[in-house]
Every structure is written in structure tokens, then in C-alpha cells.
Amino acid sequence: MEKFMLIFQGPPPADRSPEEMQAHMGQWMAWIDKLAKDGKYISGEPLLPGGKLIKGSIANVTDGPYTEGKELVGGFFIIKAADYKEAVSLCADYPGFDLGGSIQVRQVMKMDM
């Protein structure tokens with residue numbers, strides 16, 4: 001099995017009612033539970049908006065978000081999959097697709113230490 005990082009991108013959160021937010025969070029939890037039960041989920045975290053971006057050798061620090069477009073990175077998962085094909089297929093139930101979100105799938109490089 002290989003490790004893959006799923007990087008969740010999407011538009012800034014729209015104004016939603018508390019009931020809509022709760023329902024959407026329920027979809028996330030069901031997806032995480034399914035991945036975990038299948039032995040595919042390793043870890044993941046949502047990210048708070050904002051942050052800092054450090055560029056150059058003089059450590060020029062600017063406030064985030066850091067995207068040129070309208071999509072923000074909202075969080076990530078680390079999953080296990082046999083290959084890219086399986087990693088992509090595990091994204092089929094991603095609850096952010098209906099809100100205009102996308103997922104960047106990246107394989108984690110193995111490092112010999």
C-alpha cells in the first residue's frame with residue numbers, strides 16, 4: 001500500500017444555516033467513517049482560514065490566504081491506497097463536490113532513513 005495526501009480545495013464557505021452546516025458535517029463524518037472502516041484512512045485535519053506565507057531567504061512573511069484564484073485549501077487527509085487509480089476512486093464520496101470543491105491527490109514519497 002502507498003500513502004496519498006488528499007488536499008481539499010474549494011470556495012470560501014457560503015452562508016449556510018446551522019442545519020445545513022450540521023448536515024454537511026454529517027456527510028463528512030460518514031465519509032471518514034467509511035474510509036476508516038475500509039482501513040484506508042490514516043489521518044486528516046481541517047485548516048483554519050488565514051495563516052502565513054514565508055518567501056525568500058529574507059523570510060518575507062505575508063498573511064494568507066495564498067491562492068491566486070478563488071479556491072482555498074480547507075484541509076487534508078492521508079490515506080492508504082494501492083495506486084493512484086484506487087486513491088482517486090476513494091474520493092467518489094467526497095461531500096465537498098456538491099459545493100464546488102475539488103481534491104488534489106498526491107502520492108507521498110517514500111524516504112529511506
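**Exercises on a predicted model**

F77 touches F4, M5, L6, F8, W28, W31, I32, L35, Y41, S43 and G44, leaving aside residues up to four places away in sequence. The model is predicted, and the exercises below start from this residue.

**Exercise 1. The order of elements**

Task: State what pattern the chain follows along the sequence, and what share of the contacts with a separation of 6 or more joins residues 24 or more positions apart.

Solution: 
- The secondary structure comprises 2 helices and 6 strands.
- Read along the sequence, they follow β-α-β-β-β-β-α-β.
- Of the contacts in the chain with a separation of 6 or more, 76% are between residues 24 or more positions apart.

**Exercise 2. Salt bridges**

Task: For the pairs D33 and K37, K34 and D93, and E86 and K40, determine where the partners lie.

Solution: 
- The count of salt bridges comes to 4; three are treated here, including that of D33 with K37, at 3.2 Å from N to O.
- D33 and K37 are about one helical turn apart, because they lie 4 residues apart in helix α1.
- D33 is partly exposed at 37% relative accessible area, whereas K37 is exposed at 66%.
- K34 forms a salt bridge with D93, with 2.4 Å between the closest N and O atoms.
- K34 belongs to helix α1 and D93 to the loop between α2 (84–89) and β6, so this pair ties together parts 59 residues apart in sequence.
- K34 is partly exposed at 42%, and D93 is partly exposed at 39%.
- E86 and K40 meet through their side chains at 2.6 Å, N to O.
- E86 is in helix α2 and K40 in the loop between α1 and β2 (41–46), so parts 46 residues apart in sequence are tied together.
- K40 is buried, at 11% relative accessible area.

**Exercise 3. The surface**

Task: Decide whether M111 is buried or exposed, and identify the nonpolar surface patch to which M111 belongs.

Solution: 
- M111 lies in the segment after β6 (102–107).
- M111 counts as exposed because its relative accessibility is 56%, and the cut-off for exposed is over 50%.
- M109, M111 and M113 make a nonpolar surface patch of about 480 Å².

Methods. Residues are numbered from 1 along each chain as its sequence is written. This is a predicted model: local features need pLDDT of at least 70, side-chain atom pairs count only at pLDDT 80 or more; totals for chains, interfaces and linings use all residues. Side-chain values use heavy atoms; hydrogens and water are left out. Patches are made of residues with over 30% relative accessible area and no salt bridge: like charges are joined within 9 Å, nonpolar side chains (Val, Leu, Ile, Met, Phe, Trp, Tyr) within 5 Å. Accessible areas come from the Shrake-Rupley method with a 1.4 Å probe; for residues, only the protein chains shown count as cover. Buried means under 20% relative accessible area, exposed over 50%, partly exposed in between (1.4 Å probe, protein chains only). Contact means heavy atoms within 4.5 Å.
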